[in-house]
Amino acid sequence: MSFKKMGTKIIVVILPIMLLAQIVLTVISAVSSSALINEEMASNMNSELSYNQAQIERYLDGVRTMATTISMSVADTYQNTELPEYEEMLANIIQTNDIVLGSGLWFEPYVYDPEEEYVGPYVYKDGGSIQVTYDYSNAEYDYFSQEYYTNAMNSDVAVITDPYYDPTTDTIMSSCSVPIIDGGKKIGCVTVDIELTTIQQLVENVTIGEQGSAILTTGSGVYLAGVDDEKIASAMNIAEDENASLAAAGAEILANKTGTCAYEQGGKRYQLYYGSLEELNWKFILQISRAEMQQPLYQLIGKLIFVCVIAVLLVFVVILLQAGGITKSISKVQSFAGELAGGNYAVTALEIKGRDEIADMGNSLNEMYGNNRNMISNISQHAAEINTSSERLNDSAAHLKNEFDSITRYMSQVNDAVLGTSSSTEELYASVEQITASADRLAEETEHSLGLAHEIHNRAADVKKNSQQSFEMTSTLRQNYEKELAESIERAKVVENIDGMAKMISDIAEQISLLSLNASIEAARAGDSGRGFAVVATEIGNLANDTAVAVSGIQKTISEVQAAFESLAGNARQMLGFVADTVTPDYRSFVEIAGQYGKDAESITEFSERLSHMAESIRENMEQVTGALQTITESTQDTATTSADIMTSVDGVTDVVSDMSKLAEDQHEISSNLNSVIGKFQL
């Protein structure tokens with residue numbers, strides 16, 4: 001069964017349990033109280049039983065003492081005391097004792113009087129006077145055969161006979177007899193007849209509760225007191241009572257000395273507590289109705305039921321109040337939780353009172369509210385920062401992509417320039433080879449001049465002609481070489497452009513490295529969602545470092561190329577200076593002094609030798625220039641290869657930058673979604 005309200009659920013669940021608990025408590029209390037009441041009742045009944053038994057025993061003990069005293073007195077005096085004196089003694093005794101009806105002395109045959117067999121004076125009360133009779137001292141009565149006499153002769157102490165009804169006096173009486181012993185010999189007995197009216201009155205006066213009473217029977221079960229006079233007069237036995245239930249209880253009583261039993265009469269059940277008088281074995285019985293016994297229990301149960309009802313009502317009121325308070329507290333918590341569930345974190349925190357579980361739940365909810373509010377606020381702030389960073393990253397990625405596009409264009413130009421430099425270097429190499437060939441030819445001519453020095457005189461005209469030709473050739477060659485050298489030097493400036501572009505690439509690599517560092521920082525702030533972007537940023541940083549290393553190698557190579565060009569230009573200028581400053585004037589001198597060759601043959605010979613040495617030097621320099629050009633060519637080829645690698649790396653970086661741009665766009669979208677989610681919360 002489901003309930004819409006907590007208070008109803010608490011009342012429906014707890015109230016029956018409390019009611020059941022109260023009922024169980026009432027039943028347990030009733031059972032325990034019943035046992036206690038029965039135990040207390042039994043104790044009280046036993047105490048009452050003992051008291052009344054003691055009262056009866058006290059009366060009977062007085063009779064026994066009286067009979068014993070008379071017996072001892074007679075035993076000491078019977079030989080010298082006359083019967084009238086005994087009669088007077090007995091009269092005085094019975095007169096002072098209400099319970100005693102009469103007393104007699106009964107001697108053995110011929111003991112008191114050797115001539116008389118029966119000697120038995122009997123003194124008794126007759127109304128208000130004391131009478132003496134000897135009517136029982138004869139053979140007709142024969143007291144020797146009477147119960148009281150035989151009891152005394154068979155005992156050494158006082159013996160009381162069972163009560164019996166005396167129709168003459170219309171009383172129930174009993175006889176106490178004690179033997180008269182003289183020198184250890186029983187010479188007769190003393191009897192004291194007692195009237196049981198006092199004992200009967202004592203029994204009749206016993207009241208137990210409101211309707212409880214007492215019954216006295218003989219040891220054999222004959223009623224003595226406490227019942228209808230009819231039953232007493234007819235000497236009815238309790239075990240033969242007309243009430244079968246009482247007869248069964250009487251049989252149980254006669255079979256035991258003490259105990260308790262029950263019987264039913266008139267639709268009521270009675271409880272019997274009984275005991276036995278010492279020596280006589282008379283049964284003293286206390287009876288009380290079970291209803292009266294249970295009356296305190298019923299009163300207690302009534303009070304318990306009343307207390308139970310009051311307790312249930314109080315519990316109901318308390319539960320109702322507590323349930324109302326709990327429901328109110330839960331409603332506050334529910335309302336607060338509903339606001340939080342709706343994303344309203346601008347609501348005021350719960351005001352907690354008390355230390356119970358609901359207060360603990362409210363404190364926990366307040367703690368959760370505070371933590372979530374702080375967390376959502378931080379997420380909101382960081383989401384804005386992430387959004388801004390994403391936009392910046394997106395812009396940076398776009399700018400970086402544009403820069404890498406520019407780098408690609410620049411590297412294409414560098415590659416084209418390197419290829420052009422390679423072509424120019426090959427042309428320069430060809431020119432150097434021509435210079436070398438010319439130098440070789442000059443050397444051959446010089447050697448040939450040396451061979452012809454001895455023929456100068458004969459060939460002066462030829463020398464003049466040849467000198468003029470050589471002068472023109474040298475001038476033309478110098479002019480050509482100066483022009484080609486100027487063009488080569490001009491082309492060598494491309495290397496400076498490469499150096500500038502390499503510096504630009506290095507600056508871009510540094511910017512990329514800074515962007516990678518910033519991207520790594522932003523990715524670290526983004527947490528788990530920025531891990532992929534952190535990997536991309538790290539790869540971009542590594543690529544930027546590799547680019548910086550490659551650019552450093554390019555700059556080093558460019559420096560070596562520039563040094564080689566400077567060395568080549570220096571040698572070329574030296575060679576052209578030599579041609580301009582030495583060869584050309586010499587050829588001019590040859591032309592001018594051609595006529596003097598004959599005279600200056602030795603000088604020409606020396607000059608030819610010196611020219612041969614210089615030609616050799618030129619050849620060696622040309623070989624060096626050739627080696628330098630070979631190095632430049634190889635460096636140019638390496639530069640071209642490096643440029644191709646750079647282009648490949650730039651293409652890879654461009655792809656990475658494209659991925660980074662895509663990742664930045666995704667992060668921007670995630671940031672927008674996060675802002676949209678955070679926007680649902682009211683802080």
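Predicted model: local features only at pLDDT ≥ 70, side-chain atom pairs only at ≥ 80, totals over all residues.
A salt bridge here is a side-chain nitrogen of Lys or Arg within 4 Å of a carboxyl oxygen of Asp or Glu. Residues are numbered from 1 along each chain as its sequence is written, and side-chain values use heavy atoms, with hydrogens and water left out. Helices (H or I, at least four residues) and strands (E, at least two) are DSSP runs, numbered from the N terminus.

**Salt bridges**

- Glu57 counts as buried at 12% relative accessibility; buried means under 20% relative accessible area, exposed over 50%, and partly exposed in between (1.4 Å probe, protein chains only).
- Asp61 and Arg64 both sit in helix 1, three residues apart, which is about one turn of the helix.
- Asp61 has 37% relative accessibility, so Asp61 counts as partly exposed.
- Arg269 is partly exposed at a relative accessible area of 38%, and Glu264 is partly exposed at 44% relative accessibility.
- Salt bridges that share partners join Glu57, Asp61 and Arg64 into one network.

- Asn52 lies in helix 1, which covers residues 6–77.
- Asn52 counts as buried because its relative accessibility is 3%.
- Leaving aside neighbours within four places in sequence, Asn52 is in contact (heavy atoms within 4.5 Å) with Leu202, Val206 and Phe284.

- Helix 2 (residues 83–95) has 13 residues and reaches 18 Å from its first C-alpha to its last, close to the 18 Å expected at 1.5 Å a residue.
- That expected span is 1.5 Å times one less than the number of residues.
- The buried residues of helix 2 are Leu83, Tyr86, Glu87, Leu90, Ala91 and Ile94.
- Seen down the axis, the buried residues of helix 2 fall within an arc of 140 degrees (taken from the directions from the helix axis to the C-beta atoms), so they line one face of the helix.
- The face turned away from the buried side of helix 2 carries the exposed residues Pro84, Glu88 and Gln95.

**Loops to look at**

- Most residues other than glycine have a negative phi.
- Tyr110 has a positive phi of about 65 degrees although it is not a glycine.
- Tyr110 belongs to the loop between strand 1 (100–107) and strand 2 (122–126), and at 45% relative accessibility Tyr110 counts as partly exposed.
- Asp142, also not a glycine, has a positive phi of about 50 degrees.
- The loop between strand 3 (129–133) and helix 3 (147–153) holds Asp142, which is partly exposed at 23% relative accessibility.
- Lys257 is found in the loop between helix 6 (244–255) and strand 10 (259–265), and Lys257 is exposed, with a relative accessible area of 60%.
- Apart from neighbours within four places in sequence, Lys257 is in contact with Tyr274, Gly275, Ser276, Asn281 and Lys283.
- The C-alpha atoms of Lys257 and Glu278 are separated by 9.8 Å, with the two residues 21 apart along the chain.

**A nonpolar surface patch**

- Ile305, Phe306, Val307, Val309, Ile310, Leu313 and Leu314 make a nonpolar surface patch of about 650 Å².
- Patches are made of residues with over 30% relative accessible area and no salt bridge, where like charges are joined within 9 Å and nonpolar side chains (Val, Leu, Ile, Met, Phe, Trp, Tyr) within 5 Å.
- Accessible areas come from the Shrake-Rupley method with a 1.4 Å probe, and for residues only the protein chains shown count as cover.
- Ile310, one of the patch residues, is placed in helix 7 (residues 290–341) and counts as partly exposed at 34% relative accessibility.
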